[in-house]
Amino acid sequence: MFVFCPGTQICFLESSCFNMIVLSSKVSDVMFMEAVQVLALTAGPEVFPGYSSSAMSEAVVPDALVSPAVGSMYGEKAGGPTVDFSYVGIDAILEQMRRKAMKQGFELNIMVVGQSGLGKSTLMNTLFKSKVSRKSVLATAQEKIPKTIEIKSISHDIEEKGVRMKLTVIDTPGFGDQINNENCWQPIMKFINDQYEAYLQEEININRKKRIPDSRVHCCIYFIPPTGHCLRPLDVEFMRRLSKVVNIVPVIAKADTLTLEERDFFKKKIREELRANGIDVYPQKEFDEDAEDRMINEKIREMIPFAVVGSDQEYQVNGRRLLGRKTKWGTIEVENIAHCEFAYLRDLLIRTHMQNIKDITSSIHYEMYRVRRLNENNTAVAHANGIPEHHLAAHEM
């Protein structure tokens, strides 16, 4: 005999043995059906004539008993539906973040610095496989070298596989092209700080925007001439000063002009000079977050500076179309790591470290500027109110 009291208990009586399963008054439909199946298997066909597990799972459990919210967490097994009562759903936050990011899109601001003729525009076109450089868009018939350093930027909206990104390329024509290059880094540093200031002013507004436009320079690619000997004083001074305010990635431009032996010697010499002058280029060792990051970034630091070749021309090589530079000795394949290190630079800037570059810009470089500016404002206000400077310093501590 089988007796069911809804929401309270399930009983059945078999010969002299009395078995009882007590369920909570808030028992779910699925828990009830699982209990019925257990009883059916225990009691046998004399209590449930014609019972089979497949028939019970299909006939006894109507669709109406399983709500969509509950049913979405079940995993079907051969014996019937199972419930993962330990599932909370915290992992769904990743999908929520992905959807939000896809709607908002991303921003990336890259500055290129180097003498004229080192292939800055070509390399940017090669990186993003489209005409994104200033020269590609605003080319003039005869562009003269400016007498002073100019800062020119151009923005593009790029989309790939549904992901939208606003790319801004900032060029610095005139850098290092003068007879006297003294203090030629100052206009560049001023531009970088101006972008920090614009972001800071938006941030401290009483009624600030929901999403502040980000014009801060996330990365500066510095082009080193392929001399094969050592860094010039201009190179050392620029990177020493700018590495404190922006992420610098040094590259050896037009590396196909060097033999492999000359290239390796030049790279080693540059790393030694960077260490000797206390220049910390990206990825900075002090910002490694854990052992895994340290291991990955250490391999990158051993390869810096990247010896790169840029080209936006396609050629047919062994039945394949690829980007390269054609010479009478053969074709230099841009994305072939046996020919140059362009692929490593692309992976660093776009595929593996793009978000980290932006995070360091926001949490380290911009934060240092912000603290300095707010301290300057506090000092100016204190002096205006006649508060002694040592009292202000004690208050800040």
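Rings of Phe, Tyr and Trp (its six-membered ring) form an aromatic pair if their centres lie within 6.5 Å; planes under 30 degrees apart count as stacked, over 60 as edge-to-face and the rest as tilted. By this rule the count here comes to 6 aromatic pairs. One of them joins Phe-175 and Phe-238, an edge-to-face pair at 5.1 Å centre to centre with 65° between the planes. Phe-175 sits in the loop between strand 8 and helix 7 (186–203) and Phe-238 in helix 8 (residues 233–242), so this pair ties together parts that are 63 residues apart in sequence.

Before going on, some ground rules. This is a predicted model, in which local features need pLDDT of at least 70 and side-chain atom pairs count only at pLDDT 80 or more, while totals for chains, interfaces and linings use all residues. Residues are numbered from 1 along each chain as its sequence is written, and side-chain values use heavy atoms, with hydrogens and water left out. Helices (H or I, at least four residues) and strands (E, at least two) are DSSP runs, numbered from the N terminus.

Strands of a sheet pair through backbone hydrogen bonds, either parallel or antiparallel. Here, two strands pair if DSSP finds at least two bridges between them. On that basis, 6 strands make an open sheet in the order 7-8-6-9-10-11, with mixed pairing. At the edges you'll find strand 7 (152–160) and strand 11 (306–307), each pairing on one side only.

Strand 7 and strand 8 run antiparallel and are joined by 9 bridges; in this stretch Ser-153 stands opposite Ile-170 of strand 8. The two strands form a hairpin with 2 residues between them, and Lys-161 in the turn has a positive phi of about 55°. Elsewhere in the sheet, strand 9 (residues 219–224) and strand 10 (residues 248–252) pair in the parallel sense over 5 bridges. Look for Cys-220, whose bridge partner in strand 10 is Ile-248.

## Helices that meet

Two packed helices are described by the angle between their axes and the distance between the axes. The axes are lines fitted to C-alpha atoms, for helices over the stretch in contact, and angles run from 0 to 180 degrees between N-to-C directions. Angles under 35 degrees count as roughly parallel, over 145 as roughly antiparallel, 65 to 115 as roughly perpendicular and the rest as oblique. A crossing is left-handed if the near helix is turned anticlockwise from the far one by less than a right angle, and right-handed if clockwise.

| Helices | Axes come within | Crossing angle |
|---|---|---|
| helix 5 (residues 120–128) and helix 11 (residues 342–352) | 10 Å | roughly 70° |
| helix 7 and helix 8 | 11 Å | roughly 20° |

The angle makes helix 5 roughly perpendicular to helix 11, and helix 5 passes helix 11 in a right-handed crossing. Contact (heavy atoms within 4.5 Å) is made by Leu-123, Thr-126, Leu-127 and Phe-128 of helix 5 and by Phe-342, Leu-345, Arg-346, Leu-349 and Ile-350 of helix 11. For classes, Ala, Val, Leu, Ile, Met, Phe, Trp, Tyr, Cys and Pro count as nonpolar, Asp, Glu, Lys and Arg as charged, and the others, Gly among them, as polar. That gives 7 nonpolar, 1 polar and 1 charged residues in the contact of helix 5 with helix 11. Helix 5 also lies across strand 6 (106–113), strand 7, strand 8 (163–171) and strand 9, running at about 155° to strand 6.

Helix 7, by its angle, is roughly parallel to helix 8, and their crossing is right-handed. Ile-188, Met-189 and Ile-192 in helix 7 meet Phe-238, Arg-241 and Leu-242 in helix 8. This contact has 5 nonpolar, no polar and 1 charged residues.

Strand 13 (residues 320–327) is joined to strand 14 by 4 bridges, and Arg-325 has Ile-332 as its bridge partner in strand 14.

## Backbone details in the loops

The peptide bond from Tyr-282 to Pro-283 is cis, with omega near 0°, and Pro-283 is in the loop between helix 9 (260–276) and helix 10 (291–303). The bond from Ile-304 to Pro-305 is cis too, with omega near 0°; Pro-305 lies in the loop between helix 10 and strand 11. Asn-183 has a positive phi of about 60° although it is not a glycine, and its place is in the loop between strand 8 and helix 7.
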